[in-house]
Amino acid sequence: KKVINPQRRSLFSYPFYFHQDTAWITGCDFLPQLKCVVAVTERTVIVWDYKSKGSQNNCFIIKPMENGLLCVCTVTMSDHLAKDNIIMGDDKGYVHLLTVTSDHLGLKQCKGKKESQLQVLDPKTFNIVKRKLHDDWVVKVKYISDLNCFGSCSSDSIHSFVLDDIKRLEDNLPVKEFSVPRGVNAFTYCEKAKVIVTGG
């Protein structure tokens, strides 16, 4: 993983190895409240405290997740200083909502330790809800704060694009969805034009 400043200069990077195996990182984002980087790779969620200096690299590995994770996005509506909500999409059509707190990561306790911290955490200790919204891979998830909604898309021709309140992940009420032949591979929102553009 690399952290890059606005002038596009790479500040530093840190390689992650899991039992001497390498894995593709399929998505990453920044956790604004916890001031960490989150990434997903196969059946693993990585939370990296990139601010740690020198040989001290605090990295938290949440695994094994039930399905293969393909994309991740931070929900930017939280005003809780020690909590971030994360949306993830997987290879079975599920969208997950994961809540991570500083208590889960024990960030305060790790600050005083000088050695590198690589901790494996059980997903069962976290508040994770999931809902099957697509019949194919979820290729992108995004939280659109201007609409107070999340979006997810898939190459599924029937359940191609979903745009709804984050609360729909925690219940079974119908979601607002759109069908596009051969699905949707990408989407974005223009705040000025109030338009969502999809590509497939």
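Visitor: Which ring does the charged end of Lys 130 sit over?

Guide: Keep in mind that this is a predicted model. The ring belongs to Tyr 94, and the charged end of Lys 130 sits 4.5 Å from its centre. Now for the strands around here. Strand 9 covers 94–101, and strand 11 covers 127–132. Both belong to an open sheet of 4 strands, ordered 7-8-9-11, with antiparallel pairing.

Next, look at strands 8 and 9. They run antiparallel and are joined by 7 bridges. Along that pairing, Asn 85 stands opposite Thr 99 of strand 9.

Those two residues also take us to the largest pocket. Asn 85 and Thr 99 are among the lining residues nearest its centre, along with Met 77, Leu 97 and Glu 170. The lining has 13 residues in total, and the pocket's volume is about 180 Å³. Strand 8 (83–90), strand 9 and strand 11 each supply at least two residues of that lining. Sorted by class, the lining comes to 5 nonpolar, 5 polar and 3 charged residues.

Back to charges over rings for a moment: Lys 140 has its charged end over the ring of Phe 187, 5.2 Å from the centre.

Notes
Residues numbered from 1 in each chain as written. Predicted model: local features only at pLDDT ≥ 70, side-chain atom pairs only at ≥ 80, totals over all residues. Heavy atoms only, no water. Lys NZ or Arg CZ within 6 Å of the ring centre and 35° of its normal. 1 Å grid on protein atoms, 1.4 Å probe; cavity = no way out; pocket = protein on both sides within 12 Å on 5 of 7 lines; lining within 4 Å. Points joined across faces, edges and corners; volume = space filled by probe spheres on them. Nonpolar A, V, L, I, M, F, W, Y, C, P; charged D, E, K, R; others polar. Pairing = 2+ DSSP bridges.
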